[in-house]
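Student: I've got a structure open and I'd like to talk it through with you. Can we go piece by piece?

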Amino acid sequence: MSQKGLLFAALTVLFAMHAFSQNQVSSWLTTNDRSSLLAPQPGLAVSSWNAPMDTNVVMVDPNRTYQTVDGFGFALTGGSAELMMKMSAGARARLLSRLFGPGGAGVSYLRVSIGSSDMNDHVFTYDDMPDGQSDAPLAHFSLGEDLRDVIPVLREILAINPSIKILGSPWSAPSWMKTNRKPKGGSLLPAYYKVYADYFVRYIRGMRQHGIPIDAITIQNEPFNEGNTPSMIVLAGEAARFIREDLGPAFKTAGIHTKIVLWDHNCDDPEYPISILNDPGAAAYVAGSGFHLYSGPVTAMSTVHDAFPQKDLYFTEQMVVNHGHFNISGPVEHIVIGALRNWSRNVLLWNLAADPDFKPHTDDGGCPVCQGAITIAGDSVELNTAYYTIAQVSKFVPAGSVRLESQGPLASVAFRRPDGKIVVVVANNHVSREFPLVWGDASVKASLPAHSVGVFVIDPSFHGPVVRVASGLLQGRVTEKGIRTFKGVPFAQPPVGPLRWAAPAAPLSWTGVRQADHFGPQAMQRRVYSDMIFRSFGMSEDCLYLNVWAPASGSRLPVLVYFYGGGFAAGDGSEPRYDGESMATKGIVTVTVNYRLGVFGFMALPSGASGNYGLMDQHAALLWVRKNIAAFGGDPDKVTIAGESAGSMSVCAQMASPLSAGLFRAAIGESGSVLGNLSPQPLAAAEANGQRFMESVGATSLDELRRIPAASLLDAAAHTHFGVTVDGHFLTEAPVETFATGKQMDVYLLAGWNSAETDYHGVFGGADPTADNYTAAVQKIYGDKAPLILEAYPATLGVRQAATDLAADRFIAYATWKWLNLNTKTTGKSTYRYLFAQKPPGRESMGAPHASDIPYCLGNLPLIKTSDWTQDDYKASEVMQTYFVNFIKTCDPNDTGLPVWLRLQMGKPELMVIDAHPRSEQLPDEERYLLLDTLH
């Protein structure tokens, strides 16, 4: 590297360290004992984060976004406005500024009653008539009752916050429109549906004339509650007809764009809004559905969202009181965080203000226990639990913020504000907790007392390296070693909805700069391998992301693309053993790739799913590399693909696929191929397997399967294997035929296996490892061919060693041998074979177990904290990594200072034994692989 390049790299690292050291996270704390009420706390120092995820971490994913926020606030009931209007002008101005001003609570959303609610001092509508009279022309319509209090207060609020959103909800239509002709109970007479629609139009226009825009309306507060005074029953079918035939057309004719929101009642009946949204005529006019939480689970909101994801959700009412007991952590966790994590665009509490006796309210059905968020007594104001519940979000999360993914042991919700800052609200409804708060590759050490709520405001701005790829700008990070990292880069669209069981689609473009500072989520998978340690954030179908490690400078650099192992059922590109930093320090641009697994990646069906989607994902990543890797300093003509176990099988499959032409020049396989005993299944067998699975989950079509939640499918597929298939597209024939006839990609190949891929239990099972049991086990497996196996794997070696060799060959070594053997016969490029023999410390095995080679070859022993590595381990790692680096750079593993590695030739079964003392040998066991080949 030139002196200028070295200086640039050093300055980049120093700048990154300086940015972290100078950055702090601001936080605020509220406790149940009121010792801290939204009190600012000392700043939290930011440090880098590169540790595996564990159950103690509260993690924010800035790139996984959900709904946009409309605002937070309260119901401004007539009683609330009445109490405010009785205050002196100065006291009221101070209160409204504290509630709605930029330095106050930042309340940004209000709900008002259309006519009176049960928190008015008397009942009224805007067109009340004497008993026995009606007013179908609405000649007597007037907002006069609200002119005394609600409208003047709203005008003062709008002067402070002109962008505040207002939702209107009626408690009842005028009595003369109802079946019982009373304020309480009854239903709307069908004869007055059009009149009532005009009533809404006149209300919205009248409020607008007073300078008050109504953003949304519900057609009835709590349509199943006839106990309030006032109240009215509205059944779902009646609501659908009213919206479809009357209200929607009336709004359209009048040019009114106020949103129509359904339900406005509890979470115990999500079928009410769903049934209306199933009516296309009504749904066309509906913006979304509103919920209360006096009964039913808050997850009902997600039920409606899942059924109609294009429609919005609103949380329109819940009462929070502190009658003698202040409790902040519970309401924030269950109401605020609960609603927002279930797709709500707002959170509104009931109600804004009451006096010390919880008045005013109506008689015979008004609420006698409804405490306000504030208690007003003359000019005196007391802030109650509801105020602090909403202030946790309203003060820090303005309208237009977007919810981000967050997970962890404590209830949390996170947002990206319009100014780019991240806000995280964490509720601790338990004992005191300390926890890392992590976003991207940065973190702070946070803590919360028992029964408290913390708000953390993060400024994620960081002047990391920026590259332009085809989809937009990416901003990465620089490690302490000067390596540029770009994590969680999308190489395809999320494979969800109609893209579940479909070929990966090209990634969508984005505007602005995308932060590439953290790993994307893991593919859907069960926890099946204890040695897998993930640094990624959670698990999701939305998993098609890759990670890049690149030297600080350089161009036309060789590229390594690595596919993880895990039996096509587990794995993730974030695992420390796959980390690309060490290879990047050797001058190699290194990429790890996520791909779909299990039922999501390999299920085939006669009705249209062909399988092999995980392999297609890898192919899509290689296309992305071909198109974009030059932006990171890589040479698209110098790509080597590599992988271990299922990753090695993937490399073999990529070589066999006709789609791979021109995408890589070399391949590395570590223990695995899709030849021999690991050959893919025929398409018909795979489709029959998929058909049985579909029937087992009660689905009759691919569309029905796509509607089943991912987690449910994952559980249902726990005992069904889905593997590679000769699908006629990615693999047009059995790979053994492809390699036998020389139609595979003509690329350089380096491959091998470990000295003890599995142990003797693979033959003995649970039986004792004795000579008699060994003979019996081989006879059971091979029948009349057993004498041949016993001769090739003689017990004179020791029954444990003989059984280990046989089990390892049957498991994966033979298939790898078959790959090398066929490729050598039919390719014009050099092929190299190895045996990895360095036994890791503390392992009970006859040699190097399966997957133990990964951190050695990639130089990642220091990242694996579960082993006490020795000098011999580090020497073996240096040897293996050097061979691999040379092969990636030149397609030849040889280098001065290392034993010469001879290429594989027919009749000369060369083998490089890799451990702390590498040596070139003839493969001593060639005859046993030839035997297995004949038996297979």
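Student: Let's start with one residue. Is Ser394 buried or exposed?

Tutor: Keep in mind that this is a predicted model. The cut-off for buried is under 20% relative accessible area. Ser394 has a relative accessibility of 5%, so the residue counts as buried.

Student: Which residues is Ser394 in contact with, leaving aside its neighbours within four places in sequence?

Tutor: Start from its place in the chain: Ser394 lies in helix α11, residues 385-394. With the neighbours within four places set aside, the contacts of Ser394 are Phe72, Ala105, Gly106 and Val107.

Student: And how many residues of α11 are buried?

Tutor: Go through the helix and you find Thr385, Tyr387, Ile390 and Gln392 among the buried ones. Helix α11 is mostly covered, and the count of buried residues is 10 of 10.

Student: Now α4. Within what arc do its buried residues fall, seen down the axis?

Tutor: Helix α4 spans residues 150-160, and its buried residues are Val150, Ile151, Val153, Leu154, Ile157 and Leu158. They line one face of the helix, because seen down the axis of α4 they fall within an arc of 160 degrees.

Student: What covers the buried residues of α4?

Tutor: Both helices and strands take part. The cover includes strands β6 (109-114) and β7 (165-170), along with helices α2 (78-85), α3 (89-100) and α5 (193-209).

Student: How many bridges join β34 to β35?

Tutor: Strand β34 covers residues 748-754 and β35 covers 831-836, and the two run parallel. The number of bridges joining β34 to β35 is six.

Student: β35 also holds Arg833. How many residues apart in sequence are the parts that its pairing with Glu926 ties together?

Tutor: Arg833 and Glu926 form a salt bridge, with 3.8 Å between the closest N and O atoms. Both partners are buried. Since Arg833 lies in strand β35 and Glu926 in helix α26 (residues 926-935), the pair ties together parts whose separation in sequence is 93 residues.

Student: How far apart are the closest N and O atoms of Glu575 and Arg577?

Tutor: Glu575 and Arg577 are both buried. They form a salt bridge, and the closest N and O atoms are apart by 2.8 Å.

Student: Arg919 pairs with Asp915. What is the relative accessible area of Arg919?

Tutor: The closest N and O atoms of this salt bridge are 3.0 Å apart. Asp915 is buried, at 11% relative accessible area. Arg919 is partly exposed, and its relative accessible area is 33%.

Methods: Residues numbered from 1 in each chain as written. Predicted model: local features only at pLDDT ≥ 70, side-chain atom pairs only at ≥ 80, totals over all residues. Heavy atoms only, no water. Pairing = 2+ DSSP bridges. Helix = DSSP H or I, 4+ residues; strand = E, 2+ residues; numbered from the N terminus. Buried < 20%, exposed > 50% of the residue type's maximum accessible area, 1.4 Å probe, protein only. Arc of directions from axis to C-beta. Contact = heavy atoms within 4.5 Å. Salt bridge = Lys/Arg side-chain N within 4 Å of Asp/Glu carboxyl O.
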